[in-house]
Amino acid sequence: MYNFINEAFINCLSCLLSLELVNSTDPYNQTAECLCQNGGVCVGINGTCECPSGYTGAVCQLGVTQTLCSHSRTCPDGSPCLEYGGTYLCTCHTGVESDHMDFYPVQPQSVCDSSPCLNGGYCYERDGGYTCECRYGYSGKHCEKVRLNTCASSPCRNGGSCKEEGGSYRCVCPYRFTGKHCEVGKPDPCSSTPCLNGGTCFHYLGKYKCECADEYSGKDCQISRSSLHPSAELGCGPPPHVKHAEVQFSSTTPGSIAAYVCHSGFTSVPRAAQSLCGIQGEWSQPPVCKEINECLAQPCLNGGSCQNKIGSYKCVCKDGFSGKRCQIDANECQSEPCMNKGTCEDQPGSYLCHCPQGFKGQNCEIEQVGCESGPCLNGGVCRGYRQYYVCTCKDGFFGERCQMLEDPCVLKPCGTRGSCWSDRRGNYNCVCKVGLTGKDCEKDLLPPSGLHVLRVEENEVELRWDQLEHSHRLISMFAVTYAPLGHSNPKTDYLDKQRSTHVLRDLVPGMLYNISTVSIKLKAYGNDTSQPATALIRTRPQRVEKLRLVNVSSSQVWLSWLIQAAHNEAVSRVHVSLMPSDGTEGLNVALNASITEHTFSSLEAGHMYTVDVLTQSGIRPDEFPSTSHSGGPLQFWTRPYPPQNLSLSHVTPNAALITWSRHPRHIPDGYVINVTRGLTTRSRFLPNGKLGSYTLRELTPGQHYYVALMSVKNTGQEQIHSIPQHLSFTTLPIQVRHGRREWPTGTGLGTQTGRIFPTSHPQDLGGTSDIKNSEELFRYTELVDRRGKITAKFSHLTPKVIRHRTRPPPIRLEKMEETTNKISLALEIEEKASRAQPELPQDCRSLSCQNGGTCVNERGSIMCSCVAGFKGRQCELLCQRVPHPCTRLYSETKSIPVWEGGVCHYVYKRTYKVQQDICYREICEPVLSKKSQTRRANRHQ
């Protein structure tokens, strides 16, 4: 994204834009000896410059601006603040310098004058060319390359330290490790268990030492003490005598230790002042007490000589010093040795007299003639009387002793490192070249070291460099100049020298910026600047906006986004990535900046994907490309595969059987069926993804229906539906023959040709069964739950009315887990003796069917067969189906592996969930007969 380059630094002074140089036929004022600039006129014999309006300075080299300044309010570019016309104003150099080549010998030009070495490198002339000596961290012919730290990757392992050597590195390995990267471990000398007979092994410096038990000795504890010395009375006798030492011991048996203590002024050699009684009955070699030479520490100060003594030393001091170490300096000036009003200066061990004019000698006791000592320098003529004298100086020199040069520039104090100018009063100033500073440009002025980029954003770039030490005085401030590459109007930020970070703000997104950072040394007559530390950095482009999914299918996704027109020019490419959630390889495409939509194909159905869109500015490596922040991420699920081969298998007036097949590689979590008739739609969720057929019930005869079937993928937070598969059909109409309502001929769905259904009460849920023994007790043989609809079958019973128990209060399902103990739905059958049973009609004459109903005899029972929309024993109830929203409950069973006693068991857990649906409630109301309506109307009249 960014790279350091070698590019000439552009030093722009803002004040030069507001000043105009005064035109003159001779910029140096037409007089060979006059150095006044900008139209200044030399006056007097000393060549004093009289400056025109708007200029000031010794040679009129400073242009006066309109910027006010003060002691606490410095000029923004560090230029001098001078009094002009009773007001303090900022000034700046006009850039016109005296060319001393007109007055002095021509100085030869150097190949290093162009400052070819970058990043603080120093230039040396060599064989008609030059060589750059680069600072640490830089390399290349012109020090333009940033040398990588070979130890930055921490190649040394196992605690090894990395050392750079000749462009590479070397690992200094700790003990017990070797190899180029300290990766090979040396064998432990104790790993082979060399110590025998219970000895303890200690390793040090690649060797080992055994600490033996009391009964054994030897290097490996292989020698038994009892076998060598069966007699415990064998000893070594008294330890040997050592000169200048006292010995202390408690026993002379083998293993005993004798300790030697040297007398004061002596030290033991070796340092361990001990002797050990060996198993052979002899003492080991005792130490030797040698005298300590205290003079080796050089205790005597101020040139004193040291004499060594036993246990001490003596210092012989020089004149003027005293004390045990000659550390006390006597003040010789207390005796006032200087005469003739001379001034005494105490010095270490002596004194110095500063004599007044006309006297000399150690104590200023000798009166001298003024010109005797030749005080006049540089060819000056001395004229004196007694101790007084006056120097008559030659042209070009002045001062009491002609010691000052009017134009110091003739001595070339700046050398080739800068340009020299003088006020012809003995003062000069060096205007240093880039990268140099100091009175004579003798010091290197280095740019900020360690410059690197911390952060790059769309409108900001944050830089960082090494912090300066508090004692660093060469640098006064930093300046950061930046502008888009190719632009001629850079912006400069001036920073305090204690700063080590800076944020460039208000940048243009996606632009390549040329950034230069320099060090500045403020001076009274022109500021010194270092070589620049430069970098090319491209800001991030603007991210895409309004990233959205246009459409998603089971294998494709359509995406769209927007790039602002104001930032479209800075965007070169658009990168779109698609990553599956299972960690498999994703898809990546690079598009032109003008493209704002894309389609990914060949996706897996029922999988989650993550989309990310990035913009890119710059394409080639030399354009230093940068990428924007993410326009996403955007997560989505592809649709599951839709059901296949949806078809109608069987249809009756009130039901229809549909069949389908699923995709061979995909088992959905369930299906959603939408059944539409007119403007009414019923929805049903089937939680079994392995189903291949379903029966649509409670249909209306002779009506046209539309069916939409969708596969369902359960993601844990939502349900993803596939693209619907459609089917349309028409239920069969009802055929009435010979006063009897019959179903058309059909197969399946449990219907029979010519079967006539009896009427039922509005609260009845079922059924018709054959009667074998009406006196037997009521018993359930089958109870089927069909999502809120209970179907019950009985054996050996006459048709009975089944009544629902009072509806239980709603139950709040918490977390949809294990709510079976809270869900209850019961049926109870009215007992035989609880209600008086009405007499059943014996024939159709005793049963009057209303509202177009027809009396029929079905399997020995007399009942009314009602037309559509009516129910009841005599078809006296008008029934209507009213839709209302409802919540359906379904369950899912999951298996969870559990380890018990090293055996994996599966625990099955049933979870109940809800599904929003549309239900229908049947409302039946009695219909008054025509006679009853007439009677009621007469009553009202």
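Which cysteine does a disulfide join to Cys 376? The close-ups below take up this pair and a few other places in the predicted model. Residues are numbered from 1 along each chain as its sequence is written, and side-chain values use heavy atoms, with hydrogens and water left out. Because this is a predicted model, local features need pLDDT of at least 70 and side-chain atom pairs count only at pLDDT 80 or more, while totals for chains, interfaces and linings use all residues.

**View 1. Cys 376 is joined to Cys 391 by a disulfide.** The S to S distance is 1.8 Å; a disulfide here is a pair of cysteine sulfur atoms within 2.5 Å. The link of Cys 376 and Cys 391 is left-handed, with -95 degrees about the S-S bond. Cys 376 sits in the loop between β32 (366-367) and β33 (381-385), and Cys 391 belongs to strand β34 (residues 388-392), so the pair ties together parts that are 15 residues apart in sequence. Strands (E, at least two residues) are DSSP runs, numbered from the N terminus. Cys 376 is buried at 14% relative accessible area, and Cys 391 is buried at 12%. Buried means under 20% relative accessible area, exposed over 50%, and partly exposed in between (1.4 Å probe, protein chains only).

**View 2. Here a disulfide joins Cys 355 to Cys 364.** Their sulfur atoms are 2.0 Å apart, and the link is left-handed, with -95 degrees about the S-S bond. Cys 364 is buried, at 0% relative accessible area, whereas Cys 355 is partly exposed at 28%. A search of the whole structure finds 28 disulfides.

**View 3. Cys 844 and Cys 855 form a disulfide.** The S to S distance is 2.2 Å, and this link is left-handed too, with -80 degrees about the S-S bond. Cys 844 lies in the loop between β70 (827-829) and β71 (854-858), and Cys 855 in strand β71, 11 residues apart. Cys 844 counts as partly exposed, at 36% relative accessibility.

**View 4. Now meet the largest nonpolar core, with 20 residues.** A nonpolar core is a set of buried Ala, Val, Leu, Ile, Met, Phe, Trp, Tyr and Cys residues joined through side-chain atoms within 4.5 Å. Among the residues with the most contacts inside this core are Val 461, Leu 504 and Ile 515. Elements that give two or more residues to the core include β42 (461-464), β43 (477-484) and β46 (512-521).

How values were computed:
Helix = DSSP H or I, 4+ residues; strand = E, 2+ residues; numbered from the N terminus.
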